[in-house]
Amino acid sequence: MWELIARFILRQRIPILIGVLLVTIFMGYKSTDTRLQWTLPRLLPDDDSTLVANREFKEIFGYENVSILLGTEEPVLDSLEFFNDWYSLGNELAGVNNVDTVLSVAHLLTVEKNADAKRFELKPIVKRKLRSQSELDSIRVKIKSLPFYRDRVYNDSTGVSVMAISVNPDVFNSPDRESMMDSIITKTERFEAEHGIDLRYSGLPFIRTETTHLVKGELSSFIIYAVIVTIIVLLFFFRSAPPVFVSMLIVLMGVVWSLGIIAVLDYEITILTSIIPPLIIVIGIPNSVYLINKYHAEYTSHGNKILALSRIIRKIGKATLMTNVTTAVGFSTFIFTQSNVLVEFGIVASINILLLFVLSIFLVPSILSFLKPPKSKHTKHLDKPFIKRMVENLVRVVSNYRKPVYIVTLLLIGFGVFGLSRMETTGNLVDDLPKDHQVVEDLHFFEEQFDGVMPFEIIIDTRKEGMATRSSTLRKIDELEQLLGTYDEFSKPLSIVGGIKFARQAFYGGDPSQYRLIASNERIFFRPYLKNAGGGGKGVDLLNSFVDSTERYARVTAQMKDVGTKEMDTLIKDLKPKVDEIFSPDKYEVDFAGTSIVYLKGTNYLVKNLVISLVLAIVLIGILMAVLFSSFRMIAMSIFTNLIPLLLTAAIMGYFGIPIKPSTILVFSIAFGISIDDTIHYLAKYRQELKTHNWNVRIAAINSIRETGVSMIYTSIILFFGFSVFATSQFGGTQALGILVSITLLVAMVANLVLLPSLLLNLDKSITTKAFKEPFLQILDEEDANDYSNLQMKNEEDDSDQSSKT
């Protein structure tokens with residue numbers, strides 16, 4: 001079959017090049033339709049109980065409050081000028097398109113009792129700019145007499161004030177968020193310049209917008225860095241332009257195709273899919289390196305260009321296909337995680353890796369056929385002294401120092417197991433950002449001043465209509481608020497209880513001591529006021545934000561700190577029994593919802609499923625290798641060899657405190673899928689050498705090191721520097737991905753060129769079985785004299801045919 005493929009490629013090279021060019025143009029056109037992800041990544045499956053509870057919350061109460069937070073350490077309530085400017089800033093921001101409301105100490109509402117109409121009315125405390133310090137003093141006294149706002153819009157002990165800008169939830173999850181944020185930032189930066197201060201920024205819209213900007217910026221910078229690094233490394237090895245040109249042309253086409261496929265599949269650019277284009281560059285280069293190296297070696301051997309091109313297709317084609325399949329399998333296992341963000345990453349990555357093979361096998365021979373044959377100076381890289389020395393040193397170690405190899409391996413395993421025991425799992429909304437990033441520092445500022453900004457919701461189902469507003473339920477909600485107040489992780493909660501306390505204070509003339517729940521004997525007087533509550537006679541119900549229309553469901557809203565998954569698990573396990581003591585599960589159903597718990601539980605779910613995906617990758621690649629090598633023992637030894645680098649990587653994570661989280665767990669599946677490629681190349685050559693040298697294991701193992709070592713070293717170095725590009729990322733997880741995969745692949749190369757041959761030499765009788773010698777699928781074609789002469793004659797005819805057509 002591969003001889004037919006070789007004939008087809010070399011005879012139809014012009015139509016092939018035209019076809020690839022047309023597809024690339026189409027993919028380039030489609031890539032203009034790619035769009036960034038503006039929503040939070042969906043980490044949980046649709047039927048997860050937490051996600052279901054969150055959907056039910058939205059059905060009952062609508063979207064949770066989505067606010068951009070501005071914080072200032074300036075004493076807003078002390079300076080007349082600053083207060084008036086703060087008031088003006090809030091009014092300007094309220095006028096920004098898609099901003100719903102603005103809340104600050106200069107934009108507060110108070111509840112007033114209208115005895116004639118028997119209703120409560122909401123009225124602004126400040127209706128215009130203040131004219132004198134005495135007015136401000138009066139406003140300050142008024143605000144501080146309202147416990148409802150204390151430690152919500154200002155910190156009573158530090159004087160820090162916050163301005164909450166509530167935005168349209170639909171805009172928050174759309175590209176329109178960017179223009180809205182630009183308008184807001186323009187106004188706030190002008191305010192900062194006028195007063196010579198730096199405001200603090202936080203809240204989900206701001207954090208998500210900043211993260212999206214980083215993803216957008218890194219997508220292009222990664223591609224540029226990967227191209228530059230790869231070109232430098234290729235020039236260092238090949239010292240000539242054609243191999244670099246061919247290799248880079250193929251991977252850049254792969255980049256265009258990857259972006260086009262994301263658009264065709266109607267996926268969005270996420271923090272994960274944004275690394276696929278540079279990954280394509282890094283992973284695609286080894287295909288070209290193997291093919292070009294073999295082409296140069298073949299041409300140096302016999303000087304026949306067409307024969308050399310035909311042989312790289314027939315000999316390297318199958319092995320390259322298999323290595324691309326194993327790499328694609330490593331990525332495709334993410335599809336089984338049931339997490340949208342990983343499923344999309346797995347689909348796009350695995351499709352593009354297979355397409356890279358198609359591009360490589362079609363384009364490398366086709367383009368090289370039009371170029372002049374390589375001169376001796378172009379093939380000098382095959383005889384690089386330092387590469388040869390490296391290979392010969394590896395041969396010397398395998399030949400003479402196998403016992404030390406095993407001792408070092410055992411020590412590394414022990415080191416790895418101990419390091420593995422130190423690994424921890426974590427994940428929070430900003431843990432991938434640098435610790436000194438302004439977003440992180442401002443988030444910590446708000447956590448210190450107001451105990452958090454991440455939405456946390458508690459939904460109480462009383463199971464009876466009208467039950468949510470009964471005195472017994474309200475007392476329980478009040479008790480729940482007091483319970484939340486005992487946790488440092490939660491801000492001051494908000495519920496119907498706060499509204500009723502505020503109303504009671506207004507009923508008794510604004511006396512702060514009356515800020516408490518309505519007693520049972522007072523309900524008859526308060527009921528008409530509460531039902532008719534509103535501003536300006538509009539009849540706005542004060543209760544509908546925290547109780548549904550049937551008064552069956554109630555909600556308690558809080559903000560919480562951006563804790564990790566481990567802390568969240570501990571927190572929920574501690575909180576849940578205490579909540580059940582207040583709301584008996586026999587009478588009430590209480591669920592936790594909100595972005596915080598959904599995202600953090602999603603991270604836990606993701607990590608668990610990624611471990612499963614790694615196991616699945618090992619199993620699937622094991623099955624694939626069983627098809628190739630037909631020997632269970634050989635497969636077990638191969639997988640063992642490639643698990644050691646993963647174990648060492650896990651140990652590095654444990655020793656250096658790099659936690660397991662969605663971004664770092666990717667390291668293992670990616671690295672395993674790529675590192676097993678070296679094993680396939682080596683074992684395929686080893687089996688061929690066995691047959692050539694009458695089953696002499698020693699000669700076969702040593703010759704295989706010499707034959708495959710150069711290309712393996714080349715590709716490993718290219719992959720090392722290629723993945724190192726990700727270390728320039730501002731996302732901690734992406735940095736760790738680049739560094740850890742680079743290290744893992746280097747260790748895997750050494751393991752495949754030292755440990756694997758050593759095991760073959762010592763376990764030859766039990767490992768090199770008859771099944772291995774007689775494969776189900778032959779990867780490398782065998783060479784003999786007839787094969788050489790026939791190919792030479794046929795290809796010369798092919799070449800003359802092409803010349804006559806030309």
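A nonpolar core is a set of buried Ala, Val, Leu, Ile, Met, Phe, Trp, Tyr and Cys residues joined through side-chain atoms within 4.5 Å. In the predicted model described here, the largest such core has 254 residues. The residues with the most contacts inside this core are Trp-86, Ile-460, Leu-480, Tyr-686 and Phe-723. Helix α12, which spans residues 340-370, gives the most to the core, with 16 residues. For Phe-723, when residues up to four places away in sequence are not counted, the residues touched are Leu-279, Val-282, Ile-283, Ile-670, Ile-674, Gly-738, Val-741, Ser-742 and Leu-745.

The chain as a whole has 806 residues, of which 58% count as buried. Its secondary structure comes to 27 helices and 11 strands. Taken along the principal axes, a box of roughly 110 × 55 × 45 Å is filled by the C-alpha atoms of the chain. Among contacts with a separation of 6 or more, 80% are accounted for by residues 24 or more positions apart.

Four strands form an open sheet in the order β3-β6-β2-β7, and their pairing is antiparallel. Strands β3 (99-103) and β7 (200-202) are the edge strands, each pairing on one side only. On average, and with direction ignored, neighbouring strands of this sheet are turned by 20 degrees against each other. Within the sheet, strand β2 (residues 67-72) and strand β6 (residues 161-167) run antiparallel and are joined by six bridges. Opposite Leu-70 stands Met-163 in β6.

Two helices lie across strands of this sheet. Helix α4, comprising residues 80-94, lies across β2, β3 and β6 and runs at about 10 degrees to β6. Helix α15, comprising residues 438-450, lies across β2, β6 and β7, and its direction is at about 90 degrees to β7. Trp-86, one of the residues with the most contacts inside the largest nonpolar core, falls within the residue range of α4.

A further packing arrangement involves two helices later in the chain. Two packed helices are described by the angle between their axes and the distance between the axes. For helix α19 (residues 565-582) and helix α20 (residues 595-629), the axes come within 9 Å and cross at roughly 115 degrees. This crossing of α19 and α20 is left-handed. On the α19 side, the contact is made by Thr-565, Met-568, Asp-569 and Ile-572. On the α20 side, Ser-596, Ile-597, Leu-600, Thr-603 and Asn-604 take part. The residues of this contact divide into four nonpolar, four polar and one charged.

Helix α20 also holds Phe-629. Phe-629 has a relative accessible area of 0% and is therefore buried, as the cut-off for burial is under 20%. The C-alpha atoms of Phe-629 and Glu-589 are separated by 57 Å, although the two residues are 40 residues apart along the chain.

Pro-278 is placed in helix α10, which covers residues 276-302. Pro-278 counts as buried because its relative accessibility is 1%, against the same cut-off of under 20%. Not counting residues up to four places away in sequence, Pro-278 touches Phe-222, Ile-223, Ala-226 and Phe-726.

Methods:
Residues are numbered from 1 along each chain as its sequence is written. This is a predicted model: local features need pLDDT of at least 70, side-chain atom pairs count only at pLDDT 80 or more; totals for chains, interfaces and linings use all residues. Side-chain values use heavy atoms; hydrogens and water are left out. Two strands pair if DSSP finds at least two bridges between them. Axes are lines fitted to C-alpha atoms, for helices over the stretch in contact, and angles run from 0 to 180 degrees between N-to-C directions. Contact means heavy atoms within 4.5 Å. A crossing is left-handed if the near helix is turned anticlockwise from the far one by less than a right angle, and right-handed if clockwise. Ala, Val, Leu, Ile, Met, Phe, Trp, Tyr, Cys and Pro count as nonpolar, Asp, Glu, Lys and Arg as charged, and the others, Gly among them, as polar. Buried means under 20% relative accessible area, exposed over 50%, partly exposed in between (1.4 Å probe, protein chains only).
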